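Me: I am new to this structure and would like to go through it carefully, asking how each description is reached.

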Amino acid sequence: MNYANIKNNDIANGPGVRVSLFVSGCTHHCKGCFNQEAWDFSYGQPFTQETIAEILAMMEPAYIKGLTLLGGEPFEPENQEPILELLRQIKTKYPEKSIWAFSGYLFDKDILSGKLGDPAVTREYVGYLDVLVDGRFVEEKKDLTLRFRGSSNQRLIDVPASLRENKVVLWEDWQGDGRGIK
């Protein structure tokens, strides 16, 4: 896997100050995508254990609330295993920090269906997420007033609640209990 960028101190892609990893490779090719160069799986730099160590170091300060995965497409089958290794290490070192992901794939119809690579890898990967913003960016539904998403068709999903209840449970940042914020 390659990655396009790592942003430290990102405040745009989830609540609080976060580290954001932009992976390379996306087959969706959404019209109006803000990151078209990351569609190419070979764009950017190789994702290695040194990259993971860099991300872990960026996440150390107490003011960093978590990690956000973007793209490209973090759920492309080619990207899942390297990301899974990152998530394992984050949850070992920083279990209190939240993990968000953005995906053009739909949580219930695509990601949980077992169609995207190895179902065991996908299931473990999803198990580390607190919030998933799912659905392709649709330029005709672009809405700059929406928080943490670009178009009105995209959903903010409370992943632990959705897995527990076996249905999509939407995440709301005003819930008051801190889920997905940590």
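Me: What makes the crossing of H2 and H4 left-handed?
Reply: A crossing is left-handed if the near helix is turned anticlockwise from the far one by less than a right angle, and right-handed if clockwise. In this predicted model, the axes of helix H2 (residues 77-93) and helix H4 (residues 119-127) come within 10 Å and cross at roughly 35°, and the turn is the left-handed one. Residues are numbered from 1 along each chain as its sequence is written. Local features need pLDDT of at least 70, side-chain atom pairs count only at pLDDT 80 or more, totals for chains, interfaces and linings use all residues, and side-chain values use heavy atoms, with hydrogens and water left out.

Me: Which residues of H2 and H4 make the contact?
Reply: Contact means heavy atoms within 4.5 Å; Gln80, Glu81, Ile83, Leu84, Leu87 and Arg88 of H2 meet Val121, Thr122, Glu124 and Tyr125 of H4.

Me: Which residues of H1 are called buried?
Reply: Buried means under 20% relative accessible area, with a 1.4 Å probe and protein chains only, and in H1 this holds for Thr51, Ile52, Ile55, Leu56 and Met58.

Me: Why are they said to lie on the same side of H1?
Reply: The arc is that of the directions from the helix axis to the C-beta atoms, and because theirs covers only 160° around the axis, they fall on the same side of H1. These buried residues pack against S1, S2, strand S3 (45-46), S4 and H2.

Terms used. Axes fitted to C-alpha atoms, helices over the stretch in contact; angles between N-to-C directions. Helix = DSSP H or I, 4+ residues; strand = E, 2+ residues; numbered from the N terminus. Buried < 20%, exposed > 50% of the residue type's maximum accessible area, 1.4 Å probe, protein only.
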